[in-house]
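Dear colleague,

I am passing on a structure that I have been going through, and I would be glad if you could look it over. My notes on it follow directly below.

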Amino acid sequence: MTMCTYKRICITSRKLAGRDFLERLKKVVQNGVDAVILREKDLSEREYEHLARDVIAICEEYHTLCILHSFKEAAKRLNHPYIHLPMPQFLELKEEERQYFKVIGVSTHTVEEAKLAERKGANYITASHIFPTECKPGLAPRGLQYLREVCDSVAIEVYALGGIHPDNLQLCVEAGADGICMMSEYMRNKEA
């Protein structure tokens, strides 16, 4: 089996990391991920913005890209032009907002969504969920064939998401993904 290179993205979860979230995140970043998506959707915008300041500082210290999630106004107030959005929010972006952000990532769940995100100017997409995951109990995974179809249908970067861990991440890369996103593996694993 040939080893492929790929990018690694940590998606955050304070709930999984526990009380030492910032310390856990610092260790993950120190150990070398390519980017962090600060996903904390349970926070108010004000709480999120406060946390984002700390996370951005950690990422900057270790020269790691920090991508904010959903809270585009907080991102603008923080002068941080990197955002990841769910598809509905992405489609609502005004042209001046699209111009403001240097990087816009979009969560996709179908090949059609992937193509639409690319047409509308996304820089990258996440394709999910690939494998069974605790985050989506009872919802069947889309699988590697779905991931291959997404990767074959767009020219922008595709990051596999959902149920990914060290034992199956290479399968995602072999299916064409530019990289992988992991939440549980990074937030729970004290060795990550």
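In these notes, a contact, or touching, means heavy atoms within 4.5 Å. This is a predicted model, in which local features need pLDDT of at least 70 and side-chain atom pairs count only at pLDDT 80 or more, while totals for chains, interfaces and linings use all residues. Residues are numbered from 1 along each chain as its sequence is written, and side-chain values use heavy atoms, with hydrogens and water left out.

I begin with leucine 38, which touches Thr12, Phe21, Tyr48, Leu51, Ala52, Val55, Ile67, Leu68 and His69, when residues up to four places away in sequence are not counted. Leucine 38 is placed in strand 2; strands (E, at least two residues) and helices (H or I, at least four) are DSSP runs, numbered from the N terminus. With a relative accessible area of 0%, leucine 38 is buried, where buried means under 20% relative accessible area, exposed over 50% and partly exposed in between, for a 1.4 Å probe and protein chains only. Between leucine 38 and methionine 87 there are 17 Å in space, C-alpha to C-alpha, for a separation of 49 residues in sequence.

Helix 3 (residues 45–61) has 17 residues and spans 24 Å from its first C-alpha to its last, close to the 24 Å expected at 1.5 Å a residue; the expected span is taken as 1.5 Å times one less than the number of residues. Its buried residues are Tyr48, Glu49, Leu51, Ala52, Val55, Ile56, Ile58 and Cys59, and what covers them includes helix 1 (14–17), helix 2 (21–30), strand 2 (35–38), strand 3 (65–69) and helix 4 (72–77).

How do helix 2 and helix 3 pack? Their axes are 10 Å apart and meet at an angle of about 25°, the axes being lines fitted to C-alpha atoms, for helices over the stretch in contact, with angles that run from 0 to 180 degrees between N-to-C directions. Helix 2 and helix 3 are therefore roughly parallel to each other, since angles under 35 degrees count as roughly parallel, over 145 as roughly antiparallel, 65 to 115 as roughly perpendicular and the rest as oblique. Phe21, Leu22, Leu25, Lys26 and Val29 in helix 2 meet Leu51, Asp54, Val55, Ile58, Cys59 and Glu61 in helix 3. By class, this contact has eight nonpolar, no polar and three charged residues, with Ala, Val, Leu, Ile, Met, Phe, Trp, Tyr, Cys and Pro counted as nonpolar, Asp, Glu, Lys and Arg as charged, and the others, Gly among them, as polar.

Helix 7 (residues 111–119) and helix 8 (residues 143–153) likewise form a packed pair, at an angle of about 25° and with their axes 9 Å apart. That makes helix 7 roughly parallel to helix 8. Here Val111, Ala114, Lys115 and Glu118 in helix 7 meet Tyr146, Glu149, Val150 and Ser153 in helix 8. The residues of this contact divide into four nonpolar, one polar and three charged.

Some backbone details deserve a check on your side. Most residues other than glycine have a negative phi, and most peptide bonds are trans. Histidine 63, in the loop between helix 3 and strand 3, has a positive phi near 55° and is exposed, with a relative accessible area of 76%. Asparagine 79, in the loop between helix 4 and strand 4 (82–86), also has a positive phi near 55° and is exposed, at 60%. A cis peptide bond, with omega about -15°, joins serine 128 and histidine 129, and histidine 129 is found in the loop between strand 6 (124–128) and helix 8.

Valine 33, in the loop between helix 2 and strand 2, is buried, with a relative accessible area of 8%, and touches Arg8, Cys10, Val28, Thr64 and Tyr186, not counting residues up to four places away in sequence. Cysteine 181, in strand 8 (residues 179–182), counts as buried at 2% relative accessibility; beyond four places away in sequence, cysteine 181 touches Ile9, Ile11, Thr126, Tyr159, Ala160, Leu161, Gly162 and Ile164.
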